[in-house]
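This note sets out some points for a colleague who is about to examine the model.

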Amino acid sequence: MRMVHRLAAGLAALAVTGAPALTANAAPAAASEDLKPALLTPADLPEGFMPIAAATDDDGAVSIGGNFPGCPSLAPVTGDGTASAAVTYSKGVVGPYLTHALVRFPAGGAAPAMDRLAEAVTTCKSFSQELAGITVRFTLAPTQVPATLGERAFGVRMTGDTDFGIKVTADIIAVRRGEFVLWLNDMTVGDAPAGMIATLAEPAADRCAQRVKGC
């Protein structure tokens with residue numbers, strides 16, 4: 001049980017902070033109050049989810065992607081010129097941890113960001129990652145998402161195994177709508193069934209279209 005709690009702590013940190021700073025020459029993403037109304041609220045989620053610490057860095061910046069050294073395609077794509085907002089919800093110590101982020105890119109920036117993120121399903125089919133001092137071996141598999149969510153959308157399931165028989169599961173959906181990228185990340189300890197973010201992707205895309213101009 002102690003190992004489960006250590007892994008859950010590492011998982012929670014990853015879900016909340018997203019990733020450390022970008023390269024030394026890249027400015028962090030600016031937090032944007034006008035994007036927050038597009039984020040999912042507790043009323044949009046299954047019963048039992050509560051907001052936890054803001055999914056931002058200390059300066060209010062948001063990163064989409066994560067701290068995955070073994071998979072460069074999943075590194076954060078936010079940086080100079082982007083604006084962003086995010087929220088993380090949890091349903092207990094071992095999750096699920098649901099992060100919803102929205103990033104507005106400068107003109108022409110969203111498409112290449114999506115290209116790089118989507119590469120993960122082919123370039124990072126397996127890699128190792130340390131969470132709270134525990135090595136997790138991830139395998140990635142593409143998942144089906146509705147093409148109607150935006151100009152481009154992709155999904156991926158990350159399944160992690162450890163030497164202690166503990167599994168980690170993460171489902172990710174990313175959607176490009178104009179110069180916006182919507183990111184949903186559902187992480188939990190255990191071999192969780194798929195489905196939660198698949199049902200939330202359409203409401204999240206609709207909320208963005210309704211609440212943010214150009215989305």
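Which cysteine forms a disulfide with Cys208? The partner is Cys215, and the two sulfur atoms lie 1.8 Å apart.

1. Basis of the note. The model is predicted, so local features are reported at pLDDT of at least 70 and side-chain atom pairs at pLDDT 80 or more, while totals for chains, interfaces and linings use all residues. Residues are numbered from 1 along each chain as its sequence is written, and side-chain values use heavy atoms, with hydrogens and water left out.

2. Confidence. The average pLDDT (the predictor's confidence in each residue, from 0 to 100) is 78 for the protein, and 76% of the residues score at least 70.

3. Segments to read with caution. Over residues 15–28 pLDDT stays under 50, and the model has 33 contacts beyond four places in sequence for them; a contact means heavy atoms within 4.5 Å. Residues 54–60 also stay under 50, with 16 such contacts.

4. Disulfide count and pattern. A disulfide is a pair of cysteine sulfur atoms within 2.5 Å, and by this rule there are two. With bonded cysteines counted along the chain, the pattern is 1-2, 3-4.

5. Cys71 and Cys124. This disulfide has an S to S distance of 2.2 Å. The link of Cys71 and Cys124 is right-handed, with 95° about the S-S bond. Cys71 lies in the loop between strand 2 (50–51) and strand 3 (83–90), and Cys124 in the loop between helix 3 (120–123) and strand 5 (126–131), so the pair ties together parts that are 53 residues apart in sequence. Buried means under 20% relative accessible area, exposed over 50%, and partly exposed in between (1.4 Å probe, protein chains only). Cys71 is buried at 0%, and Cys124 is buried at 2%.

6. Cys208 and Cys215. The torsion about the S-S bond is about 110°, so this disulfide is right-handed. Cys208 is buried at 1% relative accessibility, and Cys215 is buried at 13%.

7. Helix 2. In helix 2 (residues 110–118), the buried residues include Ala110, Ala113, Met114, Leu117 and Ala118. They cover an arc of only 130° around the axis, which puts them on the same side of helix 2; the arc is that of the directions from the helix axis to the C-beta atoms. Their cover includes helix 3, strand 7 (152–161), strand 8 (167–177) and strand 9 (180–189).

Methods. Helix = DSSP H or I, 4+ residues; strand = E, 2+ residues; numbered from the N terminus.
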